[in-house]
Structure formats: C-alpha cells, structure tokens
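Thanks for asking for a second pair of eyes on this one. Here are my notes, as numbered points, to read alongside the coordinates.

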Amino acid sequence: MPRAAVIPLLVALGIVFGSVVIDHSESAALPPLAEAYVEMVPRELGAPNVITGILLTYRAFDTLGEVAVLFMVAAGIGLLLGGRPKTDGPDETQPAAAVPPSEIVRNGADILVPLIALFAAYIVVHGHLGPGGGFQGGAVAASCILLLVLAKPEYRVKFAQLSAMESLAGLLIVLLGVAGIVFAGGFLDNRVLPVGEFGALFSAGAIPVLSVFLGAKVGCELSVIIGRFRA
Amino acid sequence: MISQTVLVTGLLLMLIGVWGMLTQRNILRIIIGFALMGTGSHIVIVAVGYVAGGTAPIVDGPVTVANAAARAVDPIPSALAVTAIVIGLAVIAVMLAYAIRLYEAKKTLSIDAFADSKW
C-alpha cells in the first residue's frame, strides 16, 4: 500500500475512534445479563470470583473451545518449526554464536524457577476465590519454562511428556464435563462436587478441579510453543 | 471519567498498532504493531465494561453477596478479554513461527523481499 494512503486512513480511523469516545458514557448500573451473572455466580455456583464462574461454568464450553485453539496452535507451530533439518556447525549465513547467559541470570533462574512454579500453583488453585484461574496460572507456569530456556542453553523442553500431560488434562476436562451431564445440570456444570462453604479453598464444586486441569493444559501448550521456538 | 481515559488509551494503542503495521517494513515490527493493536482492543473491551464507582466483580471484603450487583463492574467484558488475550497470543505465536520460516527462506526480515507471490 502506498505510503501516502496511510495518513488519510489513520485520520479516518481516528475520526471513527474519536466519535466512539465522544459518544461513550460511563454506565451507572450493570446491564441485566451482567447483573444476573453477578447475582447467580456466588449464590448458585458458590464462587466468589464472578469472572471465573462465568469462564469455567456458564461459558465453560467456550473455554474448552479456546483450549482447543491453543492446542491447534501448538500443533501448527510444531508443523512449521518442528521438522526442520538441524543447522549445526558454523555457517556463514548464521549469526555469530549467542553470548552465554551471565552468572547472575543462571543463578537467578535457579532461585526464581521454584518460586514462579509455586506462584503459578497458587494462582491456579485460588482462581475461584480471587484474581486468577487456569489460563493465568498456566501462563505463569510457562514463563518458568521460558526463563529456563533463556538462562540455560543446555535445557531441552521435553515435548513427549508435555504432550502426554496436556492430552491427559484435556481428557479429564471432557470427562468432568460429561459427569456434569450425568450428575448435574449439564455439560461442565460445576455442581458435580459439593459446593461447600462459601470462600473456602475446597468450595465452588468442580471449579478448582477444572482450574487445575486447565492450568496444566495451558501451561503444557505454552511450554511446547516456547520450546518449538527454541529448537 | 475513568472509563473515558482508559478508552482513549486503548484506542490510541490501536491507532499506533495500525500505523506500525502499515508503515514498517520489518516483519517483526509489523508483528509488534499487531500485538499493540490487540492490546489496545483488550483495554477498550475492559473500559466498556466499567460501571461508575464499581470494583472488581469478586465477592471479598466490602463486596458481599447481597450488594455485589451494586458494587461490581460488568464481569462479561473481563471474561471476554481473557478469551481475546489467549487467542491473540496464539495468533502472534503463529505469526512469529511464519517469520522464522520466511527468514530461513530469504535470510531477511524485510517485507519488501517477499514480493514474488504477487500476481
């Protein structure tokens, strides 16, 4: 596209955005659907975090589809980057060998990786009580792998184990969903397990369990993606 | 007022992203422009869900089950933003993988080198 056309296009887009801002007025109350969600999630599902209740029960099928998208991306990146011939040895077209990570980075990674893993586990299991959940915790867990890849050049991501764990987690999510059809109101209904005491760690039915499976699946998928970029 | 500020920030980020995608010639910079546009749209989604004086839709502390509907912001845009972030990450990962393959093909990241598929 010619350079001269960029500025009018941006100006036009700016006018559209500007009209959006001018017409925007802060709402004073929740719309009816949101009000229903905010009322129903703590009462029906027993989860203090309304967003997790929506993501893992009312819209859990959507979340399952989203995890499937992540799986397809991991598979697609494997297809794009996985089967390439190894370019070992000095090659004039390759950039010079990377500078090895410094002492501070290597030792810092040793200290930080267990802490980040612990934090990821905390985020995953407290998804129904506070900010967090499977996606967020899984992303933090994958950042552990990213730190290892950056700090330790000899570290290799174990694709076979990660794929097996990811498939197992996906299978367990679907089984839990089918259990919802049999024992509760529908696919991925969280009330297959007792709702329990409001605000306790083991409460909100199947939401913490789903959160753990989802965290494992997302963490494995993102780790595979990171590992493919390394290889 | 808060949601207007956040909305303007998000829309500006989107504009910067579109500008970056249209003017930059380096594939990595185009991808950064795309990521900026995605981040801007996430901010816009969250800003649209703000309710005056509201707080996070989590029942804790001053927010109780009884008054949650009066105190909380709209949880639906937040839930959709989580979805959008994950899909955006997936798209950017695929774009970066293609960038690696394109670099291997021509040993350059300039978009001008990849004109041969034009009819």
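1. Let me start with a term: contact here means heavy atoms within 4.5 Å. On that basis, 49 residues of chain B are in contact with 52 residues of chain A. Please keep in mind that this is a predicted model, in which local features need pLDDT of at least 70, side-chain atom pairs count only at pLDDT 80 or more, and totals for chains, interfaces and linings use all residues. As for bookkeeping, residues are numbered from 1 along each chain as its sequence is written, chains are lettered from A and ligands numbered from 1 in the order in which they are written, and side-chain values use heavy atoms, with hydrogens and water left out.

2. How much area do chain B and chain A bury between them? The figure is about 4,300 Å², with 76% of it on carbon and sulfur atoms. Buried area is the accessible area (1.4 Å probe) that two parts lose on being put together, summed over both.

3. Which helices of chain B supply the side that touches chain A? α1 (2-23), α2 (27-48), α3 (68-71) and α4 (75-106) of chain B each supply at least two residues of that side. With 19 residues, α4(B) gives the most to the side of chain B that touches chain A. Sorted by class, this side has 39 nonpolar, 5 polar and 5 charged residues. The classes are Ala, Val, Leu, Ile, Met, Phe, Trp, Tyr, Cys and Pro as nonpolar, Asp, Glu, Lys and Arg as charged, and the others, Gly among them, as polar.

4. Between chain B and chain A the salt-bridge count is 0, whereas 8 residue pairs are in polar contact, both residues at pLDDT 80 or more. A salt bridge is a side-chain nitrogen of Lys or Arg within 4 Å of a carboxyl oxygen of Asp or Glu. A polar contact is a pair of N or O atoms within 3.5 Å; within protein, one must be able to donate a hydrogen and the other to accept it, and residues adjacent in sequence count only if both atoms are side-chain atoms.

5. One polar contact to look at joins the side chains of S3(B) and H24(A), at 3.0 Å. S3(B) lies in helix α1 of chain B and is buried, with a relative accessible area of 1%. Here buried means under 20% relative accessible area, exposed over 50%, and partly exposed in between (1.4 Å probe, protein chains only). Leaving aside residues up to four places away in sequence, S3(B) touches H24(A), E26(A), A47(B) and Y50(B).

6. Over all chains, a search of the whole structure finds 6 salt bridges. One of them pairs E166(A) with K217(A), at 3.4 Å from N to O. E166(A) lies in helix α7 (residues 159-183) of chain A and K217(A) in helix α8 (residues 207-230) of chain A, so this pair ties together parts that are 51 residues apart in sequence. Both E166(A) and K217(A) are buried. A network of salt bridges links E166(A), K217(A) and E221(A).

7. Two other salt bridges involve partly exposed residues. D62(A) meets R59(A) at 3.3 Å, N to O; D62(A) is partly exposed at 32% relative accessibility, and R59(A) is partly exposed at 27%. In chain B, R101(B) forms a salt bridge with E104(B), the closest N and O atoms being 3.4 Å apart. R101(B) and E104(B) are separated by about one helical turn because they are 3 residues apart in helix α4 of chain B. R101(B) has a relative accessible area of 34%, and E104(B) has 32%.

8. Helix α4 (residues 60-81) of chain A passes a length check: its 22 residues should span 32 Å at 1.5 Å a residue, and its end C-alpha atoms are 31 Å apart, which agrees. The expected span is 1.5 Å times one less than the number of residues. Among the buried residues of α4(A) are L64(A), E66(A), V67(A) and L70(A). The buried residues of α4(A) pack against α3 (50-58), α6 (134-151), α7 and α8 of chain A, together with α4 of chain B.

9. Finally, a backbone point: phi of K107(B) is near 60°, a positive value in a residue other than glycine. K107(B) lies in the segment after α4 of chain B and is partly exposed, with a relative accessible area of 39%.

Methods:
Helix = DSSP H or I, 4+ residues; strand = E, 2+ residues; numbered from the N terminus.
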